[in-house]
Amino acid sequence: MSTSSLAADASRLTLDIAGPVATLTLCRPPMNAIDDAMLDALLEACATVEAAATVAVLRIRSNQRVFCAGADLKLVGARVGRADGAVAMMETVRAFHRAFDRLAALPKVTIAEIEGHALGGGLELALACDLRIAAHHARLGLPEARVGLLPGAGGTQRLTSLCGVGVAARLILSGDQIDGREAERLGLVQWSAHTLDFSDFAEEIAMRAAGLSADALAAAKSCIRIADRISREGADAEIN
């Protein structure tokens, strides 16, 4: 196994590559709040994984008690409070879009392993992945409206595309949060697993995908993305 040090900020993400599987670990205590440095590190990790010809699968997981609690609210508050707050927030949302769109376009199978809560930008990060596994006890939601925001990092578009208008409206317009079992029932995640079995189950899924033809997986993913292309109009509406 090789461990890549991400120059952007290795204290927020670590990347381990072992044969056909790369593992990206979110490691910013205590909640993996996403800031500029984490977005830069995510972009760098995507470039490293794409350049690694042997890698077929990218696992995204956390070493904290949550998967990811979303955007760093201190960062958001500081930018909203600036004289050019509206412009600053638009640039922040664009940065989230760049990072998550880069992840979504990666020609590898990407798996979000949601063993703890995934809320706001944390769920949007998971939505940018191809596959999602959630622990039964995990909580998933897009509660941005509670703090006067909207799920502007692709949440309104990817969740609606994945689960339909009704489910997107339920989670976004009511602030509802659901557990892993309900997320699987609604199609938000493909699998839900008991906490005691989670690591082994996630490993099994990753190795199953890694055992397939990497070229075939990349081609199939490209075709799936064409069938499920997010509209530019919708993405621009989130930003503006």
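This is a predicted model: local features need pLDDT of at least 70, side-chain atom pairs count only at pLDDT 80 or more; totals for chains, interfaces and linings use all residues.
Let's begin with helices. Two packed helices are described by the angle between their axes and the distance between the axes.

Take α1 and α3. Their axes lie 9 Å apart, at an angle of about 20 degrees. That is under 35 degrees, so α1 and α3 are roughly parallel to each other. Their crossing is left-handed. Who makes the contact? From α1 come Leu39, Leu42, Leu43, Cys46, Ala47 and Glu50. From α3 come Ala95, Phe96, Arg98, Ala99, Phe100, Arg102 and Leu103. Sort those residues by class: 10 are nonpolar, three are charged, and no polar residue takes part.

Now look at α3 again, with another partner. Helix α2 covers residues 73-80. The axes of α2 and α3 come within 7 Å and cross at roughly 145 degrees. On the α2 side, the contact uses Leu75, Val76, Arg79 and Val80. On the α3 side, it uses Gly85, Ala88, Met89 and Thr92. The classes here are five nonpolar, two polar and one charged.

Stop at Ala88. Helix α3 spans residues 85-105, and alanine 88 sits in it. Is alanine 88 buried or exposed? Alanine 88 has a relative accessible area of 7%, so it is buried. Set aside its neighbours within four places in sequence. Alanine 88 then has contacts with Arg79 and Arg82. For a sense of scale, compare alanine 88 with isoleucine 230. They are 142 residues apart in sequence. In space, their C-alpha atoms are 24 Å apart.

One more helix pair. Helix α5 runs over residues 155-163, and α6 over residues 165-174. They pack with axes 7 Å apart, at an angle of about 135 degrees. That angle makes α5 oblique to α6. The crossing of α5 past α6 is right-handed. In α5, the residues that meet α6 are Gly155, Thr156, Leu159, Thr160 and Cys163. Their counterparts in α6 are Val165, Val167, Ala168, Leu171 and Ile172. Seven of the contact residues are nonpolar, three are polar and none is charged.

On to strands. Strands of a sheet pair through backbone hydrogen bonds, either parallel or antiparallel.

In which sense do β3 and β4 pair? They pair in the parallel sense, over six bridges. Leucine 26 stands opposite serine 62 in β4. Strand β4 is residues 57-62. How many of its six residues are buried? Five of them are, so the strand is mostly covered.

Next, an open sheet of three strands. Its order is β6-β8-β9, and the pairing is mixed. β6 and β9 stand at the edges. Each has a single partner strand, so one side of each is left without a neighbour in the sheet. Strand β8, residues 139-141, is joined to β9 by three bridges, and the two run antiparallel. Look at leucine 140: its bridge partner in β9 is isoleucine 178.

Now a single residue in a strand. Glutamate 113 lies in strand β5, residues 109-114. Is glutamate 113 buried or exposed? Its relative accessible area is 2%, so glutamate 113 is buried. What does it touch, beyond neighbours within four places in sequence? Glutamate 113 is in contact with Arg59, Ile60, Arg61, Phe67, Ile133, Phe198 and Ala202.

Last stop: the loop between β3 and α1. β3 is 21-26, and α1 is 36-51. Proline 30 is in this loop. Check the peptide bond from proline 29 to proline 30. That bond is cis, with omega near -5 degrees. Asparagine 32 is found in the loop between β3 and α1 as well.

Let me close with two things to find on the screen. Find the roughly parallel pair, α1 and α3. Then find the cis bond between proline 29 and proline 30.

Notes. Residues are numbered from 1 along each chain as its sequence is written. Side-chain values use heavy atoms; hydrogens and water are left out. Helices (H or I, at least four residues) and strands (E, at least two) are DSSP runs, numbered from the N terminus. Buried means under 20% relative accessible area, exposed over 50%, partly exposed in between (1.4 Å probe, protein chains only). Contact means heavy atoms within 4.5 Å. Axes are lines fitted to C-alpha atoms, for helices over the stretch in contact, and angles run from 0 to 180 degrees between N-to-C directions. Angles under 35 degrees count as roughly parallel, over 145 as roughly antiparallel, 65 to 115 as roughly perpendicular and the rest as oblique. A crossing is left-handed if the near helix is turned anticlockwise from the far one by less than a right angle, and right-handed if clockwise. Ala, Val, Leu, Ile, Met, Phe, Trp, Tyr, Cys and Pro count as nonpolar, Asp, Glu, Lys and Arg as charged, and the others, Gly among them, as polar. Two strands pair if DSSP finds at least two bridges between them.
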